[in-house]
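Hi,

Here is the model I promised to pass on.

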Amino acid sequence: MSAPAVADRIEKMEELGIIKGYHTLLDYDKLDLSIRAFILFKNNNLKHAELIKLVDSIPEVMEWHTITGSYAVLLKIATGTSERLAKIIEQLEENGETNTSLILSKSSTSSLIKKRS
């Protein structure tokens with residue numbers, strides 16, 4: 001494909017909302033955020049809006065998802081020290097229950113949608 005054809009295709013996908021944005025890929029180790037974890041959080045007494053406010057108040061939260069199952073939220077955390085991770089867990093446990101897993105490695109490829117045959 002020619003460069004103009006590719007540019008037109010990209011522009012059309014942006015207009016249709018298929019491409020929603022472009023993102024920066026950070027090296028968290030170089031930012032001294034080498035401790036990363038997933039935290040499952042089960043809320044005991046907060047309303048949904050309060051829960052979101054609590055999650056948004058933690059700057060180390062890289063992303064969060066409300067989920068089905070026993071827990072209400074899955075958090076992805078990046079921090080520089082185990083002490084700070086412990087404080088985040090304590091903060092969450094003031095309002096519920098947590099289950100934490102440290103991230104040891106991740107895939108090196110981005111997720112791509114494969115074309116169906």
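How many residues does helix α1 have, and how far does the helix reach from its first C-alpha to its last? Helix α1 (residues 3-15) has 13 residues and reaches 18 Å, close to the 18 Å expected at 1.5 Å a residue. That expected span is 1.5 Å times one less than the number of residues. Helices here are DSSP runs of H or I with at least four residues, strands are runs of E with at least two, and both are numbered from the N terminus. After α1 comes G17, with a positive phi near 80°.

Before you dig in, some ground rules: this is a predicted model, local features need pLDDT of at least 70, side-chain atom pairs count only at pLDDT 80 or more, and totals for chains, interfaces and linings use all residues. Residues are numbered from 1 along each chain as its sequence is written, and side-chain values use heavy atoms, with hydrogens and water left out.

Now the sheet. It is an open one of 4 strands, in the order β2-β3-β1-β4, with antiparallel pairing; two strands count as paired if DSSP finds at least two bridges between them. At the edges sit β2 (61-66) and β4 (96-102), each pairing on one side only. From one strand to the next, the twist averages 20°.

Strand β1 (residues 35-43) pairs with β4 over 7 bridges, and 7 bridges also join β1 to β3. F38 stands opposite S101 in β4 and has K76 as its bridge partner in β3. For I39, the partner in β4 is T100. Between β2 and β3 there are 5 bridges, with V61 partnered by I77 of β3. These two strands form a hairpin with 6 residues between them, and G69 in the turn has a positive phi of about 105°.

Helix α2 (residues 48-56) packs on the sheet, touching β1, β2 and β3 (73-79), and its direction makes about 160° with that of β2. Contact means heavy atoms within 4.5 Å. Angles run from 0 to 180 degrees between N-to-C directions, using lines fitted to C-alpha atoms (for helices, over the stretch in contact). Helix α3 (residues 82-93) packs on the sheet too, touching β1, β3 and β4, at about 10° to the direction of β1.

Cheers
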